[in-house]
Amino acid sequence: MAKNQENKENQGNIFKLNLPFKPAGDQPVAISKIMEGLQKGMKRQTLLGATGTGKTFTMANVIAQNNKPTLVIAHNKTLAAQLAQEFRLFFPDSAVHYFVSYYDYYQPEAYMPASDTYIEKDASINKEIDMLRHASTQALLTRPDVIIVASVSCIYGLGSPEEYEKVNLKLEVGQKMDRMTLMKSLIAIHFERTNADLTPGTFRSIGSKVEFMPVSETVMYQVEMSQLHRQDLGANSKKEKSLGLACVSKIIKVDPISSHIIKEEKNIFIFPAKHFITEDVKKKKALVLIKKELDIQLKKFKKEGKLLEAERIKRRTKYDLAMIKEVGYCNGIENYSRHLSGKEEGEPPETLLSYFPHTKDGKADFLTIIDESHVTLPQLEGMYAGDASRKNTLVEYGFRLPSAKDNRPLKYKEFSERIGPVVYTSATPSEKERKESEQIVEQIIRPTGLVDPETIVRPVSEGRNYPGQIQDFISEAEKTIAKGFRVLATTLTKKMAEDLSAYLKDTSTKLSAGKKIKAEYLHSDIKTLDRIKILTQFRKGDFDVLVGVNLLREGLDLPEVALIGILDADKAGFLRSETSLIQTIGRAARNSEGRVILYADIMTDAMDYALKETARRRNIQVAYNKEHGITPKTIIKKINDITEEMESEHGKTVNAELALDFKILGKSIADIIKIKEKEMNKAVKELDFESAAILRDEIVVLKTRLEKDKR
């Protein structure tokens with residue numbers, strides 16, 4: 001596997017680390033100890049790093065020194081996006097990619113026997129995220145300096161890397177190929193023909209050119225063909241000469257909006273538009289095996305007297321077989337993945353892990369970092385059981401064949417067998433990491449000198465001269481906002497988060513008469529890219545208070561936050577456990593004025609432990625600061641947004657044009673709108689619809705800005 005990794009030992013350092021500052025505090029010792037562990041062949045290590053001590057920076061140094069491709073697994077998409085941003089800053093010349101589930105919405109197929117309710121699979125795929133997934137796998141197959149930041153979706157079936165790599169299409173100038181052959185080749189790797197605008201995974205034919213957009217990019221390639229003359233054909237057969245064979249004369253990389261030529265290429269590799277690729281021979285064999293499995297299942301159901309189930313599976317499977325045979329696809333085709341991939345019953349599926357490099361004897365040759373391991377590991381362990389339970393029911397009641405159970409995530413044991421050395425990172429590692437690790441490396445000192453936040457306990461209930469937790473929190477939030485900082489509030493439920501956010505918006509503040517607190521909520525129902533945008537807007541100060549549930553706990557780097565209110569801190573449960581409280585308190589450890597208020601009527605064991613552990617770490621940091629003469633300063637961190645990279649080329653063109661107009665014309669928004677409207681009408685009259693479309697979108701953006709200014 002992974003040809004790009006052969007003879008890597010002779011390549012020198014493949015990762016070039018951009019060092020904005022040198023390791024300090026506990027970081028140099030932590031880096032050294034982890035590297036010693038890797039060199040000694042330790043399979044499992046834990047970096048116990050307090051919040052704000054720079055665990056990501058430490059691991060970036062480890063990645064650079066370890067000099068191997070790296071998989072970083074985070075427990076949610078938002079944290080994965082933030083880690084990807086940070087690693088891109090540390091490794092600007094390397095391939096740092098983001099690999100998460102491409103579903104904005106996903107309702108799995110299910111059957112509930114108690115109510116006789118069948119739920120059909122329903123999903124909404126995010127094309128931008130699908131593009132990023134393809135970019136991840138292509139990078140792993142073509143270069144060595146790769147860091148993939150993934151969610152637990154990396155243990156779900158993805159399709160064979162061998163098949164994916166095998167069918168990539170190589171084009172080079174001078175290659176003998178005619179236009180029709182190229183189009184057939186693109187269709188064979190799941191590109192779709194279109195006569196409209198190109199989108200990733202589509203192509204069109206214009207004269208002697210074929211234009212296509214790769215699935216992992218938002219650029220367009222123009223492939224120009226020219227006829228070969230008789231003398232160019234050399235010693236080819238008479239048949240070839242009579243056909244007048246064509247060749248590739250130019251390969252041009254083009255901006256799809258402006259049609260600006262980016263560069264001319266001598267050769268390019270085109271990867272398939274889908275990860276699941278099956279050769280025709282395997283597909284024909286799969287159809288035979290599916291039919292055979294259906295016959296066996298029908299006999300089983302009839303023997304058990306399950307006539308309804310027999311009829312149900314017969315109709316479903318025969319329809320799917322007809323669809324696969326005629327169009328090569330059917331809804332739920334992933335349920336036949338075992339047969340289509342040629343795997344044996346019970347054999348694990350291919351996943352993202354399969355795309356990483358392996359040694360000649362099949363051992364994983366990459367580093368795995370499991371971030372916030374106390375949360376991520378339970379997710380990795382629990383994925384298989386939940387999926388198996390749902391699939392067993394579908395099979396038992398005749399909705400799916402037994403082979404559907406092999407379309408599944410990896411079992412935890414299988415996952416462990418498919419990775420090499422692992423470093424767990426967490427401020428609060430669980431018992432599992434502690435038992436598995438051959439060494440635990442502590443990182444308590446913050447190079448910035450920042451100490452753990454001041455912790456305060458106040459009552460939940462309203463009392464004499466005390467307004468209760470909500471009003472007290474609002475009062476404290478107002479003071480913090482007045483200083484230019486941001487505020488977090490954690491609730492126990494999504495509904496409480498939404499209600500509190502709405503209540504804060506309706507509450508007048510003392511900041512300036514008539515103004516309201518700007519608040520938003522954030523929880524797991526919000527789409528992936530929207531979550532990232534909300535966090536970016538929060539850091540920029542577009543609103544003051546962010547209300548959430550447990551999503552706000554682990555790994556979110558928000559140095560602008562100076563106050564956290566933990567509502568109902570004394571309610572026993574997962575969200576108010578020792579680990580959860582320590583992690584939540586840690587969100588305020590990146591600001592020199594950080595404070596955390598725990599609202600509770602009783603002191604729970606979890607609260608008591610969290611408060612004592614916070615005090616212990618605070619004392620260690622204070623002693624270090626005193627010894628080294630350090631005055632704590634709030635972290636100043638550039639605000640990046642991964643969604644900016646996903647902005648369409650069209651959107652970038654529109655914004656670039658507007659920026660230029662403001663600079664040249666120097667007029668108000670209203671005046672520029674009038675000018676744009678005249679230009680648009682003129683372009684329509686001249687049938688220049690491309691220019692008219694860009695002008696129309698510029699006007700929409702300008703009107704939105706104008707409305708915001710009026711508010």
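Predicted model: local features only at pLDDT ≥ 70, side-chain atom pairs only at ≥ 80, totals over all residues.
Figure 1. An α-helix has 3.6 residues a turn, so residues three or four places apart point the same way. H9 runs over residues 307-327, which makes 21 residues, and reaches 30 Å from its first C-alpha to its last. That reach is close to the 30 Å expected at 1.5 Å a residue. Just after H9, Gly 328 takes a positive phi of about 80°.

**Figure 2. Helix H1 and the elements that cover its buried residues.** H1 consists of 13 residues, 27-39, which should span 18 Å at 1.5 Å a residue; the end C-alpha atoms are 18 Å apart, in agreement with this. Buried in H1 are Gln 27, Ala 30, Ile 31, Ile 34, Met 35, Gly 37 and Leu 38. Around the axis they cover an arc of only 155°, which puts them on the same side of H1. The cover over the buried residues of H1 includes helix H2 and the strands S1 (44-49), S17 (367-371), S18 (422-426) and S19 (439-443). Just after H1, Gly 41 takes a positive phi of about 85°.

**Figure 3. Crossing of helices H2 and H3.** The axes of H2 (residues 55-66) and H3 (residues 77-90) come within 11 Å and cross at roughly 55°. H2 and H3 are therefore oblique to each other. Their crossing is right-handed. From H2, the contact is made by Thr 56, Phe 57, Ala 60 and Ile 63; from H3, by Leu 83, Glu 86, Phe 87 and Phe 90.

**Figure 4. Surroundings of Phe 87.** Phe 87 is found in helix H3. With a relative accessibility of 2%, Phe 87 counts as buried, because buried means under 20%. Not counting residues up to four places away in sequence, Phe 87 touches Thr 56, Ala 60, Ile 63, Val 72, Val 96 and Val 149. Thr 56, Ala 60 and Ile 63 are among the H2 residues that make the contact with H3. Phe 87 and His 97 lie 10 residues apart in sequence, and their C-alpha atoms are 9.3 Å apart in space.

**Figure 5. Surroundings of Arg 338.** Arg 338 has its place in helix H10, residues 337-341. The relative accessibility of Arg 338 is 12%, so this residue counts as buried. Leaving aside neighbours within four places in sequence, Arg 338 is in contact with Glu 293, Lys 343, Glu 344, Glu 345, Pro 402, Ser 403 and Asp 406.

**Figure 6. The protein chain as the setting for the close-up views.** The protein chain has 22 helices and 25 strands. Of its 711 residues, 52% count as buried. Among contacts between residues at least 6 apart in sequence, 74% join residues at least 24 apart.

Note on methods. Residues numbered from 1 in each chain as written. Heavy atoms only, no water. Helix = DSSP H or I, 4+ residues; strand = E, 2+ residues; numbered from the N terminus. Expected span 1.5 Å × (residues − 1). Axes fitted to C-alpha atoms, helices over the stretch in contact; angles between N-to-C directions. Parallel < 35°, antiparallel > 145°, perpendicular 65-115°, else oblique. Left-handed = near helix turned anticlockwise from the far one by under 90°. Contact = heavy atoms within 4.5 Å. Buried < 20%, exposed > 50% of the residue type's maximum accessible area, 1.4 Å probe, protein only. Arc of directions from axis to C-beta.
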